[in-house]
Every structure is written in C-alpha cells, then in structure tokens.
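Biologist: Could you walk me through how a helix packs against its neighbours?

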Amino acid sequence: MNSSIKPFLLLLVFLWMIIMGGATGADHVLVIGLDGADWDVIQPLMEEGEMPNLQKLMEEGQHGNLTTTLPVESPVAWTSMSTGTTPGKHGIYGFIERDGNTFVPTTSEDVEQNRVWDYAGEEGEVVVVNVPQTFPPQEVNGSLISGYLSIEDAGYTYPEELQEELERDGYRIETLSDEFEEGKEEEFLERLNVTVEKRTEAAEMLLEREDWRLGWVVYTGLDRLQHYFWKYQGGESDYAEVIDDHYRKLDRQVGELVEQAGDNTTVMVVSDHGFGPLEKNVYLNTWLKKEGYLQLEGEKASGFLADIGLTQQNVVDSLSGLGLLEPVKGFFDFLGFNPGADLPEPGLSDIDLETSRAYAGNYGGKIYLTGNAGDREELLKELEAELESLEDPDTGRKIFEVYRPEEIYTGDMEGAPDLVLESRGPYRAVGFLGHQSVVKQPPEKTGTHRRDGMYILSSGAGDSDADITDISPTILKALGQPVPDEMDGVSILRHPTDR
Ligand SMILES: [Zn+2]
C-alpha cells in the first residue's frame with residue numbers, strides 16, 4: 001500500500017469507530033443489585049468456579065470496588081446509586097429523619113432527585129423491581145415493584161393492578177416481619193430462599209412482556225443474612241455454608257436474568273456496600289449523654305421500633321399522613337404495636353431536644369446539633385476532636401474518621417447531619433439508648449456494612465474502582481442518552497478501543 005494513504009485510512013477507520021461507538025447505545029441495560037455483596041466472599045467462590053455467571057460477565061467486561069455513601073446505609077446508598085447524586089442532593093440520610101421534634105420513616109416521597117429510570121423512561125419502558133427506597137410506588141413509564149421497606153396491604157406496585165397478579169404467583173416483599181429471630185434460623189433461611197425465587201420469577205415475567213430499555217432488579221435478603229450469620233462463616237456449625245450458598249444462589253439468579261434479557265444488553269451487577277465482621281457496637285447517644293451533651297425526656301418508647309428511633313405514635317402520625325394507616329393495621333398487630341400504650345425503654349424520640357446540645361441518629365454515625373448548641377462552630381470542633389480520639393477500650397484502636405457534610409456532599413445538604421462518622425474497623429455506630437457502655441459487643445449482629453461495595457460491568461475492560469454515584473451516568477451513557485448536569489458521578493463505561 002502507498003505509504004501516504006495508510007495513515008489516512010487508519011484515521012478513517014478510527015473516526016468510523018468513534019462515530020459508531022458513540023451513536024449506538026445498547027438496546028437494553030440490566031442492573032442486578034445484590035445488597036451487601038462483597039468481593040471478599042465472591043472472589044474465593046469464583047476461584048472455585050462456583051460463581052460462573054458473575055465470572056463470565058467479569059471476563060467480558062470491567063469490574064472493581066464501588067465506594068459507597070456515608071452513612072454506609074442501604075436506603076442512602078441505593079438512592080445515590082439510582083439518582084447519580086450524593087445525599088446532599090437527594091436528601092436521604094437513613095431509614096428515618098428528623099421532622100421537627102420527632103422522627104419519621106423516610107420514603108420514596110422524600111427523594112428530591114429524579115431516578116435514572118425517569119430519564120431512561122423518556123425514551124422507552126423501564127422495569128424496576130425491589131430497589132430500596134421506592135415505597136410508596138411512584139409512576140414510571142413501565143412497571144415498578146417497591147422495595148424495602150414496603151407495606152403489603154398498602155399497595156406496592158405501579159401500575160396498581162400488577163400487585164394482584166404478583167400475589168397470585170406468590171410474590172413476596174420484605175417487611176419488618178422478615179427480621180431474623182434467634183432460634184428460628186431454619187424458617188428465616190427458608191423464607192429467604194422463597195423470596196429470592198419469587199423475585200426472579202416476577203422480574204423474568206416483566207422483562208419478557210415489557211418492551212424495556214432499562215431493567216433494575218435488587219435482591220435484598222443477603223444484607224440481612226450476613227448481619228446475622230456472619231459469625232458462622234467458615235466455622236463448624238450447621239450454618240457455616242449458608243452465606244456462601246446464598247451467593248451461589250444469587251449467581252444462578254443473575255444467570256437466569258441475563259439469559260432472559262437477551263442480546264445487546266449491557267449488564268451491571270452492583271452492591272450498595274460491602275460486608276465484613278462486626279466486633280463492637282458504639283453507642284453514640286450513650287457517649288453524648290455521658291459527656292453531658294444530651295439529656296432525655298421522661299417519655300419512654302420500646303422494642304424494635306424504638307431501637308430504630310421510632311415511637312409508635314410517630315409511626316402512626318407519619319403513615320396517616322401518607323394515607324397508609326388503615327391498610328397497615330395488620331402489620332402493626334404483627335409487631336405487637338399498640339399506639340398509646342405505656343412504653344418501657346427510651347428511644348430516639350425521648351431525647352430532650354430543648355436541653356440537649358447534640359444527638360446521634362439511629363445508625364450510620366450521624367451527629368446532629370440542636371437549637372440549643374450554642375456556638376455551633378466551637379461545639380463542632382470539640383465533638384470532632386473528641387470523636388476522632390475515641391478508642392476501643394480493649395485494644396486502644398481509634399474508632400472513627402469524622403467528616404463535615406461539605407467534605408462529602410454536594411447540593412444544598414438540607415437535613416444533612418452536622419458530622420458524619422466513618423468506622424475505621426469492625427465497629428458500627430448506633431444511636432440506641434438504654435446501654436451502659438459506649439463500646440460493646442453486639443448482641444445479635446456479627447456482620448456489618450463496609451464502605452467498599454462491588455461492581456461488574458459486562459462491557460469495557462480491566463479492573464478500575466468507581467463511586468456509587470457513577471452507576472446512573474454509566475447506565476445513561478450505555479443507553480446513548482445524555483447525562484443530566486445534576487448528577488455528581490461520571491460514566492465509567494469505556495469504549496472497547498480504550499483497552
Ligand atoms: Zn444494603
């Protein structure tokens with residue numbers, strides 16, 4: 001070939017590749033969420049050839065760690081993943097939020113950003129199954145089944161008629177009643193298995209009959225399983241294999257969904273955070289109380305709801321506000337929930353916000369100053385210094401890294417905690433009251449969330465880390481749609497020629 005034409009031809013080929021690569025998005029993107037999935041469990045299983053479906057996707061494309069939000073909590077993380085924004089913009093910082101002098105559950109109605117399926121839905125249909133923080137169900141161009149924490153009798157699908165059909169087929173949502181109970185391990189595991197299978201059936205049904213562009217299916221039982229069964233991993237007990245078995249099972253679900261999705265689908269497997277051992281809880285409100293920053297009111301609350309920071313009355317108030325009180329009466333009965341009854345243990349709502357200067361949220365290491373904080377900057381500096389130097393009394397190990405919201409969030413940060421704590425090791429910050437020691441062995445849970453989750457993307461190549469806000473931009477890029485300016489993340493999708 002004439003040597004002066006050769007570079008010209010190469011340039012043409014190169015331009016053609018750029019144009020084709022840029023203009024043709026995938027027909028479909030399928031996101032499969034595995035709540036709490038961690039590379040440290042996946043990798044050894046893969047090496048044994050026991051996660052063939054994940055392995056195949058990984059070999060075809062790219063993978064890496066997925067750094068999650070602070071707080072490292074599921075509703076916060078899934079909302080960042082599905083909006084492409086930090087909590088400072090989407091407004092979800094946990095399962096509950098302060099509302100004046102009380103605490104109420106956060107719902108889909110509190111999410112202040114569009115979800116990626118709203119954008120994808122502008123150009124075609126979407127299928128959304130069990131993504132946390134999507135209850136009550138919002139209208140989408142396609143079908144949506146709400147995720148944790150949905151309420152059965154209250155309507156958890158869009159369109160509404162879908163629910164009847166799902167229930168005929170034995171579909172299961174996860175509710176508070178799916179919480180683990182000591183001594184009922186077998187029932188727990190059995191229910192988990194059925195829930196997973198029904199979830200896959202429902203997703204397959206929707207993926208088959210909808211003309212979808214974006215499908216997003218999440219399996220949430222793994223999170224709960226790891227919290228309670230972590231201590232058995234690799235041991236001698238009957239439950240030594242249950243976590244590994246569940247990962248193997250999830251790999252089979254991934255295989256089925258990928259097959260159902262068909263050709264020209266970009267697949268992403270993602271977790272909202274990783275998982276690791278939990279050695280000790282750190283009771284932040286107990287610490288604040290001991291240090292004189294927090295006082296309690298006389299009022300008492302009890303039980304699981306109090307533990308997560310809810311009193312019975314504020315649950316009733318908040319659900320009535322959503323028009324959900326009537327439909328969830330049976331759910332309250334199950335919890336032994338009796339609004340107005342005398343309650344023996346203090347909960348978050350018993351913190352006296354008039355006299356306290358600061359308090360901690362239920363989970364995730366969130367410190368809030370009150371209106372009574374005095375010189376806020378001075379108090380923040382004091383708390384930062386003291387919390388940074390807080391040690392595990394048994395090992396002398398420092399427990400927390402402390403952040404100001406402006407260091408980790410974007411947007412208006414309305415409702416953000418004043419300080420956010422990241423655990424440096426096997427610790428979990430909790431806000432429960434009624435504990436005497438600040439740093440203590442956890443009663444039941446032996447596994448906890450870690451900042452590094454995982455992702456596998458069926459296109460691209462190699463090993464590269466990403467941020468949880470990168471997932472939505474990546475989905476839109478794969479679909480050939482523009483990434484909205486509000487999104488904080490960037491697409492991690494590399495062109496195949498970038499290898
Ligand atoms: Zn989670």
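Modeller: Here are some questions and answers about helix packing.

This is a predicted model, where local features need pLDDT of at least 70, side-chain atom pairs count only at pLDDT 80 or more, and totals for chains, interfaces and linings use all residues. Residues are numbered from 1 along each chain as its sequence is written.

Biologist: How are α9 and α10 oriented to each other?

Modeller: Helices here are DSSP runs (H or I, at least four residues), numbered from the N terminus. Axes are lines fitted to C-alpha atoms over the stretch in contact, with angles from 0 to 180 degrees between N-to-C directions. Helix α9 (residues 221–229) and helix α10 (residues 242–261) pack at about 165 degrees, axes 10 Å apart. Angles under 35 degrees count as roughly parallel, over 145 as roughly antiparallel, 65 to 115 as roughly perpendicular and the rest as oblique, so α9 and α10 are roughly antiparallel.

Biologist: Which residues of α10 meet α9?

Modeller: Contact is when C-beta atoms, placed from the backbone, lie within 7 Å. On the α9 side we have L222, L225, Q226 and F229, and their partners in α10 are V242, I243, H246 and L250.

Biologist: And how do α3 and α10 lie to each other?

Modeller: The axes of helix α3 (residues 52–60) and α10 come within 7 Å and cross at roughly 60 degrees. That makes the pair oblique.

Biologist: Which residues of α3 make that contact?

Modeller: On the α10 side, look at D251, V254, G255 and V258. Facing them from α3 are P52, N53 and L54.

Technical notes. Helix = DSSP H or I, 4+ residues; strand = E, 2+ residues; numbered from the N terminus. Contact = placed C-beta atoms within 7 Å.
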